[in-house]
Amino acid sequence: MSVPAPGGPASWPSDVTTLCVPAHPDFVASVRAVVRSTAVVADLAMEDVEELQIAVNEAAALLLPLAGSTRGSGLSARLEVEPGRLCVRLWITGAQPGAAVDRGSLAWMMLSTLDPELQVVEAGDERAIEVSRARSGSSGA
Amino acid sequence: MSGLSRSPEHARARPVPEQGASTPLAAVETHDLWTTLSRLPAGASEREAVRSELIERHLPLVDRLARRFTPSLTLEDAVQVGSIGLIKAVDGFDPELGHEFVSYAAPKIIGEIRRYLRDAAWLVRAPRRAQELQGAVAQARDDLTQELGRPPTLSEIAGRVGTDPHAVVEVLETFRSREAQHLDHTDAPPAGGAAPVAALAIEERGYLATEVRMDLAQAMSSLDEREREVVRLRFVDKLSQAEIADRIGVSQMQVSRILRRSVDRLRRRMQA
């Protein structure tokens, strides 16, 4: 089976990858690994990949404390790719009422620098953070 | 390890002659040597001789501990590395605290050997291809940035180096595993309070909750001067990695590594 070269014209059956890992810091590396390999498909610059990985770490650091202690709780990730752009949404469910992403933390400060347009969803028992990165140097980055 | 002879004879009980100005060091009780060492001012000519004598007397301890690490290491390598731990222990030991030197030194000697093992293990674990690629990728990244006037994509770097883009991106992870060894290392806070100043620069942007500020100042002090500057330029001044590389006169790859290492260390410190 031949694998088309990354960064070529997109004709994928879907442009979305999802995964769910246990809601524990030990598993964040798995999400980072998927971000790395998906970044190859998007053909981002190395700087973008590095910073997306930092963003995943920081987003996880903000979300995991909100996940509660329910056995089986998960950290989900949804990666949407297009040539030159990758959007990563991380979320947990089962958050306690009123539990909010800590916007006074170092993690938030770094995250909002890495993507000034990051999105946060705090609805019901779901808490989500979405960051995206367009290829450095391209228009709209 | 030149100058250190590992003769077990040094550790044997010696007759204790009457001490005086002309008593050879080899004939002085270890306990008395510690007392002498603690009283001699730094730089005193006798101090070095007393220190060397103490190091030599405890080399059999290194020998004993080093044997635990064979066959992962040759005994010779383990002793060489463990001796560094011993020297650090001799320099850091304060006999006035009333502890036994052996209890103080053993963890330092073992720690030194373990650190060495961990570093050596990285050299074995890291895929050889990724190691070889590191230099080529760093060079291609810098060259292409100059040529294109923008950061090159993964496929462009791969094309220049003659490899697959997946191999290029895995170089990032090789850096990460290699740098894990540095995370325990903490540089002393610099004179002049640069760390709190850098933390203040972040604080002034109004990002941080009050309770985080003290922790951040503390965490920033675990970074060296260059790491603090890179963190400030990226997260306070919001420069891109390429702009930071230009500003401080290093390659983009170095900026990436400094940034990642600094963020990892800050996170660990903030969580500690």
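1. A definition to start with: rings of Phe, Tyr and Trp (its six-membered ring) pair if their centres lie within 6.5 Å, with planes under 30 degrees apart counted as stacked, over 60 as edge-to-face and the rest as tilted. On that basis, ring pairs join B:Trp34, B:Phe93, B:Phe101 and B:Tyr104 into a cluster.

2. A word on the ground rules. This is a predicted model, in which local features need pLDDT of at least 70 and side-chain atom pairs count only at pLDDT 80 or more, while totals for chains, interfaces and linings use all residues. Residues are numbered from 1 along each chain as its sequence is written, chains are lettered from A and ligands numbered from 1 in the order in which they are written, and side-chain values use heavy atoms, leaving out hydrogens and water.

3. Back to the rings. Over all chains, a search of the whole structure finds four aromatic pairs. One of them is B:Trp34 with B:Phe101, whose centres are 4.7 Å apart and whose planes stand at 40°, so this pair is tilted. It links distant parts of the chain: B:Trp34 belongs to helix α1 (residues 30-39) of chain B and B:Phe101 to helix α4 (residues 101-125), 67 residues apart. Helices here are DSSP runs (H or I, at least four residues), strands likewise (E, at least two), and both are numbered from the N terminus. B:Trp34 and B:Phe101 are both buried, buried meaning under 20% relative accessible area, exposed over 50% and partly exposed in between (1.4 Å probe, protein chains only).

4. Now B:Phe93 and B:Tyr104, a tilted aromatic pair at 5.5 Å centre to centre with 50° between the planes. B:Phe93 lies in the loop between α3 and α4 of chain B and B:Tyr104 in helix α4, so the pair ties together parts eleven residues apart in sequence.

5. Helix α3 of chain B (residues 75-92) passes a length check: its 18 residues should span 26 Å at 1.5 Å a residue, and the end C-alpha atoms are 25 Å apart, which agrees. The expected span is 1.5 Å times one less than the number of residues. Among the buried residues of α3(B) are B:Val79, B:Gly82, B:Leu86 and B:Val90.

6. Chain A has three helices and five strands, in the order β-α-α-β-β-α-β-β from the N terminus. Of the contacts (heavy atoms within 4.5 Å) in chain A between residues at least 6 apart in sequence, 71% join residues at least 24 apart.

7. Two arginines of chain A deserve a look. A:Arg89 lies over the face of A:Trp91, 5.8 Å from the ring centre, and the charged end of A:Arg103 sits over the ring of A:Trp108, 5.1 Å from its centre. The test asks for NZ of Lys or CZ of Arg within 6 Å of the ring centre and within 35 degrees of the ring normal.

8. Lastly, the interface: 39 residues of chain B are in contact with 33 residues of chain A. About 3,000 Å² is buried between the two chains, 63% of it from carbon and sulfur atoms; buried area is the accessible area (1.4 Å probe) lost on putting two parts together, summed over both. In chain B, B:Leu154, B:Phe235 and B:Arg267 lose the most area to chain A, together 19% of what that side buries.
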